[in-house]
Amino acid sequence: MAAPLVLVLVVAVTVRAALFRSSLAEFISERVEVVSPLSSWKRVVEGLSLLDLGVSPYSGAVFHETPLIIYLFHFLIDYAELVFMITDALTAIALYFAIQDFNKVVFKKQKLLLELDQYAPDVAELIRTPMEMRYIPLKVALFYLLNPYTILSCVAKSTCAINNTLIAFFILTTIKGSAFLSAIFLALATYQSLYPLTLFVPGLLYLLQTRHINPNSAAAVHTCENEEQSLLDLFLGVCHDVCGKPSGNHLPLLLPSQLLGFHPRSLWLYINVFFYTIPLAIKLKEHPIFFMFIQIAVIAIFKSYPTVGDVALYMAFFPVWNHLYRFLRNIFVLTCIIIVCSLLFPVLWHLWIYAGSANSNFFYAITLTFNVGQILLISDYFYAFLRREYYLTHGLYLTAKDGTEAMLVLK
Amino acid sequence: MGLLSDPVRRRALARLVLRLNAPLCVLSYVAGIAWFLALVFPPLTQRTYMSENAMGSTMVEEQFAGGDRARAFARDFAAHRKKSGALPVAWLERTMRSVGLEVYTQSFSRKLPFPDETHERYMVSGTNVYGILRAPRAASTESLVLTVPCGSDSTNSQAVGLLLALAAHFRGQIYWAKDIVFLVTEHDLLGTEAWLEAYHDVNVTGMQSSPLQGRAGAIQAAVALELSSDVVTSLDVAVEGLNGQLPNLDLLNLFQTFCQKGGLLCTLQGKLQPEDWTSLDGPLQGLQTLLLMVLRQASGRPHGSHGLFLRYRVEALTLRGINSFRQYKYDLVAVGKALEGMFRKLNHLLERLHQSFFLYLLPGLSRFVSIGLYMPAVGFLLLVLGLKALELWMQLHEAGMGLEEPGGAPGPSVPLPPSQGVGLASLVAPLLISQAMGLALYVLPVLGQHVATQHFPVAEAEAVVLTLLAIYAAGLALPHNTHRPLSYRVVSTQAPDRGWMALKLVALIYLALQLGCIALTNFSLGFLLATTMVPTAALAKPHGPRTLYAALLVLTSPAATLLGSLFLWRELQEAPLSLAEGWQLFLAALAQGVLEHHTYGALLFPLLSLGLYPCWLLFWNVLFWK
């Protein structure tokens with residue numbers, strides 16, 4: 001199984017290297033959909049040169065990266081292209097192994113439930129087989145590495161790729177069952193952008209359920225929580241010592257956000273990320289990895305300063321939910337919406353900024369449509385998941401009391 | 001989305017789309033065309049009005065009286081030009097300095113990708129001369145431009161004369177708050193492009209030029225003047241710029257105001273505007289003007305040197321003096337007064353022109369249609385593609401489900417997406433081949449011109465055009481020969497129709513995307529292509545009267561659309577073409593299209609060759625699917 005993965009990696013690196021050498025790289029790195037003020041490479045370079053001049057990079061309003069990033073690139077600035085290609089490759093490898101393990105767990109669980117006779121009798125066609133699950137990890141790696149969004153994000157050297165890597169490693173270590181490592185990676189990811197904090201809940205749920213932590217002691221939960229908190233504190237502390245400034249863990253709401261919330265009125269949307277965690281935790285407590293997927297998507301949709309790199313991360317998980325395909329209802333329309341919007345971004349941006357014939361409302365409208373498309377897509381997946389679970393326990397061919405085909409109503 | 005989440009209503013909607021697909025498509029197409037035709041009738045077309053406050057309420061009194069002076073300048077200029085055979089740079093410099101301007105020159109040179117036979121030029125080098133009138137009331141932060149493009153022939157002398165006379169008159173006034181640049185460019189648009197690039201310190205087209213010595217702040221507006229006779233019967237105004245960009249409507253309103261004030265006859269697309277919009281005649285005449293505008297805008301060419309200013313976000317238009325057989329003629333004083341009035345009002349501007357419309361269509365000089373009203377026309381046309389795509393998707397989806405249910409019992413019932421189930425492999429080959437054809441069409445003609453001239457007895461320009469046509473025609477033969485071995489495997493295992501249906505689905509979405517994006521940036525081009533390509537794209541399938549479909553498809557291919565547009569264009573101008581003339585014009589238009597892409601960055605050629613032609617080949621592929 002390693003050979004196809006290597007092949008995918010080689011193809012992905014070739015595409016990226018070719019794009020880095022082409023004249024497109026500069027154009028892409030200026031695109032507003034690909035980089036945000038928080039993740040733009042230009043600002044990293046600016047921060048580095050400020051640091052070299054002996055000025056604190058945070059003294060102005062330009063640099064928003066974390067101190068660790070700036071120290072990382074202090075040594076690696078000459079190999080930046082290589083670093084970004086490697087981070088992408090690492091993300092894909094982490095996701096590959098994470099999903100491989102996850103599939104084993106899923107299959108074991110399914111076998112257990114089958115033996116316990118928990119499933120309805122006529123759901124044979126819903127049961128997943130090792131055959132169909134065999135290529136899922138590879139598809140996940142493929143979806144991440146060859147997704148145009150990831151490629152654009154990598155070519156633009158958006159630091160969002162690094163955050164994606166941290167989250168991917170967090171998922172990998174969680175699935176492998178290492179509470180300490182997963183806390184480290186979650187703390188690192190949170191330290192960079194705050195929102196991954198919400199992934200703490202699904203991560204904890206998963207660790208508890210796979211019995212890597214003794215579920216009987218409430219202290220274990222507490223320990224885990226404390227561990228992450230103390231690690232986060234540690235990182236913040238390190239940064240404080242190193243640059244005499246608190247971390248970049250701030251939300252500069254001064255600049256307009258690009259993909260969502262171009263409009264000042266949508267400021268309230270930013271905190272939306274945290275609203276969904278508790279309801280999702282209640283509804284999906286049995287399925288922490290699906291919960292994680294939904295939560296990552298929610299972050300990508302509602303975070304301030306989102307870029308296509310964030311979208312690429314949750315899109316990589318689509319192959320994992322291949323079996324939900326038959327329950328997805330609007331996939332065609334929603335795919336079209338997302339493709340159309342992706343193409344209209346540059347067109348409307350051109351009309352607004354260069355041609356001057358359209359105004360910001362055109363662009364704002366299309367960002368909003370893009371997000372509505374994403375929200376509908378995610379809720380479609382969510383509903384499909386719930387429906388499949390329902391069918392598994394209640395039988396696929398349900399009839400109402402009068403013998404006609406029954407209709408499921410989501411309440 | 002309540003409609004989509006309720007299964008009952010959803011099923012009803014799906015049934016509606018499936019059962020009534022053909023009538024709905026026809027209805028939507030007819031609605032699109034009808035909407036477009038209805039644009040010229042009064043509720044949809046509105047009267048233009050001045051939005052910019054700074055130009056609307058104030059009155060100016062024109063005092064220009066230098067008609068004799070303008071004619072004398074023009075005579076001198078023509079004589080010097082005849083003597084030297086090129087732009088008389090030294091004379092121009094001397095004269096501009098004598099009327100009190102700050103004079104600078106700029107030399108430029110450009111090797112065209114291949115010889116331009118229409119303008120007879122290949123290695124171009126020339127000099128632009130410009131004089132700046134410094135405003136006594138401001139600090140050179142904003143400016144206006146009056147430009148006269150001079151070509152290789154001896155036209156436009158009167159325009160230079162009028163420019164110089166206006167400069168002399170403007171110099172004596174004290175009210176200027178913006179610098180005024182008087183620009184005379186050589187080799188018409190090439191010179192303008194060189195000057196604009198140097199002024200904004202960019203190089204987007206590979207022009208070599210000397211840097212500018214003098215600048216005058218951000219250009220707020222520009223007027224280009226073309227005038228070749230001492231008297232005019234009317235002034236024609238051109239608004240369409242590079243890639244279909246249009247100036248702010250207020251600039252046109254301004255021109256029209258002064259034409260009315262001075263009693264000048266002015267035309268749009270060479271047509272007088274109808275007086276009476278209430279009866280049927282007025283709108284019909286308006287439709288003719290509107291169609292001419294659509295054709296011109298769709299071509300994406302800069303129609304006059306103002307077209308290049310628009311790219312730099314400078315509102316600009318071209319005024320052309322027409323001298324026809326009408327009885328009543330105006331002298332240069334009348335034209336000069338109109339220009340003086342326009343410049344004085346522009347001088348009042350406090351901000352860039354931004355109040356009025358940027359996206360509009362003009363059925364007459366004082367009537368316009370705004371974007372909100374014309375967009376539904378193209379929306380209806382694109383809806384046809386959407387409906388067809390939805391129908392295909394549902395058919396594919398149902399077929400997928402149908403296959404699955406009888407064979408539900410065996411274990412590996414892989415619920416793959418149907419389009420994936422068809423095998424993306426069978427789609428990849430046609431997609432790649434047609435895209436490669438498009439790339440060849442874009443790159444090869446210019447790249448391979450020298451090879452072609454060595455092996456065939458043709459000139460470079462001819463070689464380019466003939467290679468274009470050859471590759472275009474070769475595309476028809478190539479793809480449907482190569483996909484056969486690939487598709488056999490798939491067809492044998494799946495329902496035979498799924499291959500072409502999936503390909504058509506992809507092609508429909510691809511076409512809709514492209515047309516949508518084009519219509520947003522250049523409505524006319526998008527609408528024109530949608531009108532021709534949409535019906536055959538919706539019809540294309542490998543069953544039924546294939547020869548008829550093939551003929552229709554060829555007739556609506558992008559190149560055939562171009563040929564048809566040329567005939568329609570001349571028909572509307574009341575100068576119909578014969579077939580042979582039409583063909584010659586078509587060849588010239590192809591060469592011009594390629595040249596304009598390389599010299600000014602016009603986007604029509606890459607759009608057609610890299611986007612629409614490959615997409616059209618996909619439909620050709622669907623038609624000959626085996």
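For these entries I take helices (H or I, at least four residues) and strands (E, at least two) as DSSP runs, numbered from the N terminus. The model is predicted.

Entry 1, loops of chain B. I looked up Asn243(B) and placed it in the loop that joins strand 9 (234–238) to helix 9 (249–262) of chain B. Its phi is near 55°, which is positive, and the residue is not a glycine. Most residues other than glycine have a negative phi. I noted Asn243(B) as partly exposed, because its relative accessibility is 23%.

I then checked Arg313(B), which sits in the loop between helix 11 (306–309) and strand 11 (315–322) of chain B. Arg313(B) is not a glycine either, yet its phi is positive, about 60°. With a relative accessible area of 34%, Arg313(B) is partly exposed.

I compared its length with expectation: the 18 residues (21–38) should span 26 Å at 1.5 Å a residue, and the end C-alpha atoms lie 25 Å apart, which agrees. Which residues of helix 3 of chain B are buried? I listed Asn21(B), Cys25(B), Ser28(B), Gly32(B) and Phe36(B). An α-helix has 3.6 residues a turn, so residues three or four places apart point the same way. Val26(B) and Leu27(B), on the other side of helix 3 of chain B, are exposed.

I found Val308(A) in helix 16 (residues 308–315) of chain A. Val308(A) has a relative accessible area of 4%, so I noted it as buried.

Technical notes:
Residues are numbered from 1 along each chain as its sequence is written. Chains are lettered from A and ligands numbered from 1 in the order in which they are written. This is a predicted model: local features need pLDDT of at least 70, side-chain atom pairs count only at pLDDT 80 or more; totals for chains, interfaces and linings use all residues. Side-chain values use heavy atoms; hydrogens and water are left out. Buried means under 20% relative accessible area, exposed over 50%, partly exposed in between (1.4 Å probe, protein chains only). The expected span of a helix is 1.5 Å times one less than its number of residues.
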